[in-house]
Amino acid sequence: MALYAIGDLHLSHQVELKNEAQLTGKIWKDHEKYFEQNCQKLLTPEDTLVLVGDHSWGRNLDECREDLEYIMALPGRKILIRGNHDMFWEAKKTNKLNALFAGKLFFLQNNYATYGDVAIVGTKGYCFEGLDSWEHAQMLVEREAKRLEESFEAARADGYSRFLMFLHYPPTNIFEKSSVFTKMAEHYHAEQVIYAHCHGEARFHDSIRGRKHGIEYSLVSGDFLRWHPKKIMD
Ligand SMILES: [Fe+2]
Ligand SMILES: [Fe+2]
């Protein structure tokens, strides 16, 4: 039994893959085929796979149907984090999604999942990338930090003291050494922080990777992992 993670599948069974500069190149050719093969080789039905956001290009649930079916057919239990491209997942409708996909997919936001005695907490996160104003970015960071805190507190209230923390966005932007997210990871003694979102060689070093203040930070975007889920915990 093991827990794996990977992000940014950017599936496009119904809606065409957007021709964004960071999502082109050999690594994206038939990537869903290679990813599925890797999962079939690596994962067993007893394993857990955390998908760290940017699942589908579909703009609503109807347009994501085949992408979500593809995810459901992968081996093991699947836990999903919300990415910036996941238009089908309205923030306030997480409970509805969990009811709709009960026993098939778990949508993680303002709640938590468990893996043995470890709580899996997380949220989309946010960091300033120069695409909006600094003030707007700060507002989104604060909102996401609140959601993350809610996730930690829900797990803590149920007696959990071991945490794995997931974010779609990197925990810090390229200018930061720490952030509200790294501080929260330290405050709750998260064992690991796992994030995705960074595509292409040039962005793989945007944030913290490796050990810092006793916490292991991992980037798990699909192209970085070459579509092999990363083992996070046995
Ligand atoms: Fe992405
Ligand atoms: Fe993203």
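User: Is Asp-54 buried or exposed?
Analyst: In this predicted model, Asp-54 has 25 other C-beta atoms within 10 Å. A residue counts as buried if 20 or more other C-beta atoms lie within 10 Å of its own, exposed if 12 or fewer, and partly exposed in between, with the C-beta atoms placed from the backbone. So Asp-54 is buried.

User: At what pLDDT do side-chain atom pairs count?
Analyst: Residues are numbered from 1 along each chain as its sequence is written, while chains are lettered from A and ligands numbered from 1 in the order in which they are written. Since the model is predicted, totals for chains, interfaces and linings use all residues, local features need pLDDT of at least 70, and side-chain atom pairs count only at pLDDT 80 or more.

User: Where is Asp-54 found?
Analyst: Helices (H or I, at least four residues) and strands (E, at least two) are DSSP runs, numbered from the N terminus. Asp-54 has a phi near 55°, which is positive although the residue isn't glycine. Asp-54 is found in the loop between strand 2 (48-51) and helix 2 (61-72).

User: And Asp-30, is that one buried or exposed?
Analyst: Asp-30 is in the loop between strand 1 (3-6) and helix 1 (31-42), and its phi is a positive one, near 55°. Most residues other than glycine have a negative phi. Asp-30 has 9 other C-beta atoms within 10 Å, so Asp-30 is exposed.

User: How far does helix 4 reach from its first C-alpha to its last?
Analyst: Helix 4 covers residues 134-157, which is 24 residues. The expected span of a helix is 1.5 Å times one less than its number of residues, and for helix 4 that comes to 34 Å. Helix 4 is close to that, reaching 34 Å.

User: What do the buried residues of helix 4 pack against?
Analyst: Those buried residues are Glu-144, Arg-147, Leu-148, Ser-151, Phe-152 and Ala-155. Packing goes by contacts, where two residues are in contact if their C-beta atoms, placed from the backbone, lie within 7 Å. The partners are strand 6 (118-123), strand 7 (162-167) and helix 5 (180-187).

User: At roughly what angle do the axes of helix 4 and helix 5 cross?
Analyst: Axes are lines fitted to C-alpha atoms, for helices over the stretch in contact, and angles run from 0 to 180 degrees between N-to-C directions. The axes of these two helices come within 10 Å and cross at roughly 15°. That makes helix 4 roughly parallel to helix 5 (under 35 degrees; over 145 is roughly antiparallel, 65 to 115 roughly perpendicular and the rest oblique). The angle again: roughly 15°.

User: How many of the residues of the contact of helix 4 with helix 5 are charged?
Analyst: Helix 4 brings Val-141, Ala-145, Leu-148 and Glu-149 to the contact, and helix 5 brings Val-180, Phe-181 and Met-184. Ala, Val, Leu, Ile, Met, Phe, Trp, Tyr, Cys and Pro count as nonpolar, Asp, Glu, Lys and Arg as charged, and the others, Gly among them, as polar. The residues split into six nonpolar, no polar and, for charged, one.

User: Which residue just after helix 5 takes a positive phi?
Analyst: In helix 5, Val-180, Phe-181, Thr-182 and Ala-185 are buried. They pack against helix 4, strand 7, strand 8 (192-195) and strand 10 (215-219). Just past the helix, a positive phi of about 55° belongs to His-189.

User: How far apart in space are Ile-6 and Ser-221, C-alpha to C-alpha?
Analyst: Ile-6 lies in strand 1 and is buried, with 23 other C-beta atoms within 10 Å. Residues that Ile-6 touches include Leu-51, Val-220 and Pro-229. Ile-6 and Ser-221 are 215 residues apart in sequence, yet their separation in space is 5.9 Å.

User: What separates the C-alpha atoms of Phe-163 and Ala-190?
Analyst: Phe-163 lies in strand 7 and is buried, with 23 other C-beta atoms within 10 Å. Among the residues Phe-163 touches are Phe-152, Ala-155 and Ala-190. Phe-163 and Ala-190 are 27 residues apart along the chain, and their C-alpha atoms are separated by 4.7 Å.

User: How many other C-beta atoms lie within 10 Å of Ile-81?
Analyst: Ile-81 is found in strand 3 (residues 77-81). Val-50, Leu-108 and Phe-166 are among the residues that Ile-81 touches. Ile-81 is buried, and its count of other C-beta atoms within 10 Å is 28.

Methods:
Lists of a residue's contacts leave out its neighbours within four places in sequence.
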